[in-house]
Amino acid sequence: MTAEAVAYPEQQIKPIEVSPPSTRKKLAKYTLMLVGILELYAILMFMLTSMFESPPNIVTFHINLWQGFLSTRTFKETLIWALPIMMTAMGATFNERAGVINIGLEGIMLWGAWAAIFFSFTYNNFWAGIIGAVLFGVAISLIHAVMSITFKADQIVVGVAINLFAIGLTSVLTALIWRPGRSDYAPKVETVNFYSFPFIGPILEAIQFSRFFNIPVLGTILRFVPDPIAVLNNHNYILYLGLVLIPISHFLLFGTPFGLRIRAIGENPQAAATAGIAVRKYQYIAVVISGIYASLGGAFVTLRFGLFTENVIQGEGFIGLVAMIFGKWTIIGAVLSSVFFGYFIYLSSGLKLYGRLSQSIPDPLLKIFPYVIAMVALALIGKAKAPKHIGKPYDPTED
Amino acid sequence: MDTGPNQVAIVLENISKSFGKVRALSNVTIKVNEGEILALLGENGAGKSTLMKILSGLYQPDSGRILISDRWLSQLPESQRVKNQNGDITEGLHEITISNPREGMLLGIGMVYQHFQLVESLTVAENITLGDEIVKSKFVIDDELMFETIRTLSEKYGLPIDPKAKVEDLPVGLKQRVEILKQLYRKANLIIFDEPTAVLTPLEVEELFNTMQELKKAGKSMIFISHKLREPLAIADRIVVMRKGEVVGETTPSTTTMADLATMVVGKKIVSSAERAKTQTHQVLFEVRGLTLENPSSPKPLLNNISFKVHTHEILGIAGIEGNGQTEMVDTLVGLRKPSSGSIVFSPHEGQTVDFTSLSTQEILNSGIAYIPEDRGTQGLVQDFNITENVWLAFHGSPETAQKYAEGQQKTHNIQSKIFLPLQLMKTTSSKIVNTFNVKAQSINQQIKNLSGGNQQKVILGREFAKNPKLVIASQPTRGVDIGVMEQVHTNLINLRNEGAGIVLVSADLDEILKLADRIVILYEGQIVGEMNSGELDLEELSHLMISGTYSEEENTK
Amino acid sequence: MTEHHQHSKKQLQSIVTHPRTEQLFMTLISFFLAFLSVALIIIVLQNAGFDISMDQLYRYGVRDIIFTSSGLANTLYWTTPLIFTGLSVGIAFRAGLFNIGSQGQMAMGAVSAAIWAATIVPNTTFLTFLAKSPLNLVITMFIGGIVGGLWGYIPGKLKANFGAHEVITTILMNLVATNMLQFLVGSRTYSPFVNRSSVDAYGQTEVIVKSAKIEPINPSVSNFLNYSIFIALVIAIVMHIVLFRTRFGYRLRATGLNPTAAEASGINTKKMTIQAMVLSGALAGIGGALLVQGTFPYRYNLGMESTLGFEGIAVALLAQNAPLPIIIASLFFGYLHQSKVNLDVNTDIPADLIFVFQALVILFASSPYLARLLYRRMILDKTAKNKSSMLQSNQQEEES
């Protein structure tokens with residue numbers, strides 16, 4: 001057709017410029033930022049220490065602290081602290097991409113934590129606990145879905161109600177079944193030891209960093225580098241399940257028709273509906289997925305020790321939401337920011353626990369830092385990349 | 001093709017539909033033939049959209065049937081064929097049910113919506129295939145095959161497009177093309193175009209019509225919905241006119257005239273009342289110089305070095321395709337956005353100047369200008385406020401203005417309080433506006449959301465004109481209102497101009513600009529690319545400027 | 001049938017369809033659904049073999065409160081802080097903000113008021129005169145308001161300037177507050193304001209000076225109910241006036257209902273967001289201060305704010321964010337709170353059942369759509385039927 005040439009001259013259809021800034025440059029930028037944040041943290045810790053005792057030697061204080069920042073134990077513990085956050089953040093990515101806000105994930109985590117112990121205790125088997133947690137995750141998230149999707153409730157209010165409901169009823173049930181405040185011990189989830197694997201186990205064991213600590217120079221360097229195998233080793237099944245879910249979730253959301261539809265719905269549900277997609281069905285599925293993820297995160301928290309205590313989930317769900325936002329509504333971003341938050345949450349107790357910080361610093365002051373960091377992160381990201389139709393119930397009769 | 005153009009493709013028979021107490025459609029019957037372009041003409045609220053939503057499966061009719069031809073049925077996928085075969089059969093037509101958009105789609109009914117149903121952040125190909133994705137091994141989206149399929153499809157119908165482009169980066173015309181391709185990808189037999197020309201320039205319209213002719217040759221049936229009169233006459237084979245939920249007439253372009261059509265659509269003769277009076281004393285009232293607004297996420301500015309003047313007794317029309325900086329420009333003029341550079345100077349009286357760039361929105365609005373925002377629902381009104389509270393949105397910063405309007409020199413009410421609302425004055429003002437502008441409402445305490453779009457617009461107009469403005473900044477002042485209210489708005493604007501005010505009129509409706517403006521500037525990609533006086537208009541050039549930002553080549557060589 | 005009868009039917013019809021009535025019924029419906037759900041939970045638990053005595057539930061949860069003067073007085077005692085947190089959440093809602101931080105704002109207000117009146121005033125030479133000045137009562141209240149306001153200002157500022165969602169930031173501020181309280185009064189070793197002198201010194205401040213205390217109204221009936229309830233009532237009325245009669249309230253409501261239109265009409269919505277959050281936080285903070293000032297033994301101890309902040313959400317939702325109805329909703333939730341306390345002290349029934357009930361009220365109040373649906377089905381259809389049967393009977397009469 002000739003009219004094309006008139007209306008849209010060639011240069012007007014702009015090809016998408018595919019020129020990502022070189023990954024190496026990006027990596028360097030983020031590493032530098034992280035180092036900066038950690039150094040800032042170190043300085044703050046120095047000032048805090050000086051408030052409660054005579055100022056320590058700044059150089060040894062620094063070296064000691066940085067060794068703590070980079071130790072194998074720190075990264076291993078980071079994984080443990082990050083996992084529940086990460087599960088919730090990944091789950092939240094699904095429901096927010098489908099246009100539903102789920103503030104209730106914190107409560108669903110609490111249910112997961114409770115149900116895991118209840119079922120593990122009842123059937124004397126931690127697998128039952130994991131399955132029970134998932135069942136409760138599905139059930140509670142369905143309440144959210146029914147209220148927010150079918151009955152077009154204010155999604156945030158529903159979420160808050162679900163959180164309070166979880167706090168109330170889990171403590172009622174705990175008091176009735178066991179005693180007020182906490183449960184009895186239930187079978188805890190088993191851990192995996194790489195070194196006991198046939199064939200590769202001994203090899204992995206042979207290349208542990210700690211074996212080389214006595215070698216001059218190399219040993220000193222290795223003391224400052226976390227040992228990746230040791231970091232990943234000796235965790236429980238749920239943690240590995242979580243790690244496996246990372247690529248699966250990413251692929252599900254960005255590589256399949258299911259994911260494409262979910263993403264389309266969060267941006268423009270009307271468009272999805274006119275393309276023949278059952279909008280609400282997908283929203284239901286997304287909310288249930290997030291419920292399963294969050295309840296697994298909660299199960300991880302309690303099944304590690306086989307014990308449920310009242311209000312055992314202290315903000316992990318909300319930090320998970322922040323991590324999801326900070327990760328710009330992507331799975332990989334959510335995971336990375338969860339690790340970031342998990343790291344700082346660990347530091348707020350671990351540094352002191354293992355003697356990197358003076359015992360005279362009050363715990364509560366250290367514990368404030370992760371929350372402050374989360375707020376700063378939230379302020380930095382704002383609401384720039386949120387799905388466009390988020391938080392509003394989809395109503396097909398609207399124009 | 002072995003079937004003539006008169007072979008019936010689809011029939012909508014005695015369709016009725018109510019929403020609560022409102023009867024949107026009553027006993028509407030229309031039929032469309034194969035390879036025919038049927039125009040459906042009517043005002044806003046005539047029931048066209050509701051009818052089409054029923055046809056596409058978004059709504060269910062309260063009563064009535066939908067029938068399709070044998071031939072059509074035989075082309076359907078197995079599942080749909082079986083499902084609908086058992087319905088009533090009359091004269092080779094089969095009754096069908098369309099319970100949701102997906103079914104409508106499977107039945108081969110597609111709709112190109114006025115408000116594009118596109119997911120901006122996804123690619124062209126993803127948008128086209130959404131809901132019917134191209135996969136390998138069942139679960140994985142096959143990107144390569146998807147891009148290839150869309151490329152082939154677009155070439156087949158002569159609608160070139162880059163399948164990998166993100167929709168948000170495309171101009172309006174191309175977005176519409178994506179919508180058309182979406183329907184072709186789904187093998188639509190009948191394509192409904194819902195007010196497709198509303199957002200297009202005359203040149204783009206011509207191009208769309210070419211596309212439609214091509215589709216007609218390929219045997220597609222089309223329904224073309226419009227409330228403009230000229231376009232159905234140009235493209236349609238048949239024209240059906242609807243009014244207040246009923247079909248009021250049917251005609252063909254060859255047997256009717258614009259005037260007849262207009263009478264049919266409105267139900268009575270429309271007379272324009274106000275005339276732009278010839279006036280002499282022109283002084284510069286409002287001057288924008290070098291206005292630039294940077295885009296934080298792109299090196300290309302949103303507004304680039306915009307300059308224009310508005311004189312007293314003048315309506316300046318800002319023409320352009322939507323999305324070329326109109327919204328940003330108006331926002332900047334009233335202080336909702338701060339310009340990166342440039343000046344905006346308002347001279348309400350000779351020798352007195354106010355620079356808007358250094359003022360807050362509140363101060364700008366207080367300086368004697370009226371502002372009619374682009375989107376009355378979200379920018380102009382607070383839906384859960386009542387009429388009085390909405391009226392007060394224009395006066396809460398300067399109650400004196402309301403006092404002057406409502407009470408003249410009397411000043412009965414004390415409005416000095418910095419803390420309390422002058423409730424009595426609010427009521428008086430609101431009543432006066434409701435009466436003067438003939439707002440149809442039960443009382444001034446009625447919530448604004450219960451008023452019709454036209455009456456809502458009257459409230460906005462009323463409160464803004466009550467400020468007795470020297471300058472009016474009006475953005476899309478007649479969007480979504482019926483012809484009667486449109487006339488009222490136009491009359492008011494012209495009267496205000498005749499009395500000496502200056503008016504900046506931003507409108508996507510070129511007809512409106514041509515009718516009202518004394519002078520027209522054309523906005524393209526955040527720049528002013530041309531200026532014309534209403535006396536010496538060249539529609540061709542205007543179109544060219546709107547679409548490409550340059551004069552046509554002949555112009556340059558002259 | 002008489003004309004009079006017909007007339008009153010018509011009147012009934014117009015009352016039933018009036019939006020206010022509808023709102024009231026919708027509120028009652030969410031309450032009713034929550035009640036049903038809790039009843040269902042109790043039945044399920046009983047069938048699962050758990051001992052929940054209905055007898056005890058009635059005796060301590062209902063009878064001892066409603067039919068005793070001390071029970072009623074204690075209900076009023078809890079009403080006071082609930083009015084404040086209800087107003088706090090309600091005012092923020094009116095500005096389009098969901099402040100879940102009332103809990104933390106209230107706690108911070110309470111602890112700061114206690115620190116001011118128990119530590120700062122007696123130990124600062126130029127302030128000691130306040131220990132005897134009645135002015136101190138008001139100043140202590142304001143200190144609570146200021147700190148609560150600060151706790152609201154931070155999320156407000158983050159929202160206005162950076163677009164950080166207030167729900168998440170206020171929750172984070174709650175968690176910061178929890179740790180702050182622990183630091184300030186939680187430990188004998190490091191807490192600067194903990195009361196070290198007494199044996200049960202874990203987690204409480206010193207007793208506040210006499211001038212800051214608010215006396216019980218009638219100690220022979222209740223040691224708890226004090227004069228602060230009048231302050232709460234006055235402030236609720238003031239808030240009503242602020243919202244509906246002042247220019248500030250007008251701007252606040254416009255911002256909440258449609259920020260875009262508010263901005264286009266010249267309202268500085270960012271400023272409104274911050275101001276609303278500060279006001280909201282200040283109300284919760286004052287509530288906290290009054291809790292300390294009016295409760296024997298007149299000091300802050302950890303956890304004394306209970307879950308009053310969260311209950312404020314339910315209060316505000318039920319009252320649809322209107323200050324005067326908030327008083328009534330607070331009364332009801334005050335009763336619930338007292339029944340929780342009663343059950344906790346006197347029975348083995350887990351008192352958090354009441355908290356579950358409150359959460360369910362919020363859940364069902366979240367969907368006006370659901371409530372309206374039920375309302376239309378249950379009430380309107382019935383009256384419509386009445387109307388048609390009335391018409392029928394009229395016809396019959398005419399025929400006869």
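Buried means under 20% relative accessible area, exposed over 50%, and partly exposed in between. All views show a predicted model.

**View 1. Glu287(B) pairs with Arg289(B) in a salt bridge.** The N to O distance is 3.2 Å. Arg289(B) has a relative accessible area of 46%, so this residue is partly exposed. Glu287(B) sits at 19%, and therefore counts as buried.

**View 2. Lys17(B) and Asp62(B) join distant parts of chain B.** Their side chains meet in a salt bridge, 3.9 Å from N to O. Lys17(B) belongs to strand β1 (residues 8–19), while Asp62(B) lies in the loop between α1 (48–55) and β4 (63–69). Lys17(B) is buried at 12% relative accessibility. Asp62(B), at 47%, is partly exposed.

**View 3. Glu267(A) forms a salt bridge with Lys388(A).** The closest N and O atoms are 3.5 Å apart. Glu267(A) is in helix α12 (residues 257–267) of chain A; Lys388(A) is in the segment after α17 (363–381). The two are 121 residues apart. Glu267(A) is buried, with 16% relative accessibility.

**View 4. Salt bridges link Glu13(B), Arg65(B) and Glu95(B) in a network.** Over all chains, the structure holds 31 salt bridges.

**View 5. Helix α16 of chain B spans residues 423–436.** Its 14 residues reach 20 Å from first C-alpha to last, close to the expected 20 Å. Leu425(B), Met426(B), Thr429(B), Ser430(B), Ile433(B) and Val434(B) are buried. Seen down the axis, the buried residues of α16(B) fall within an arc of 160°, so they line one face of the helix. Their cover includes α14 (387–392), α15 (399–407) and α17 (453–465) of chain B. Asn438(B) follows α16(B), with a positive phi near 60°.

Conventions. Residues are numbered from 1 along each chain as its sequence is written. Chains are lettered from A and ligands numbered from 1 in the order in which they are written. This is a predicted model: local features need pLDDT of at least 70, side-chain atom pairs count only at pLDDT 80 or more; totals for chains, interfaces and linings use all residues. Side-chain values use heavy atoms; hydrogens and water are left out. Helices (H or I, at least four residues) and strands (E, at least two) are DSSP runs, numbered from the N terminus. The expected span of a helix is 1.5 Å times one less than its number of residues. Buried means under 20% relative accessible area, exposed over 50%, partly exposed in between (1.4 Å probe, protein chains only). The arc is that of the directions from the helix axis to the C-beta atoms. Contact means heavy atoms within 4.5 Å. A salt bridge is a side-chain nitrogen of Lys or Arg within 4 Å of a carboxyl oxygen of Asp or Glu.
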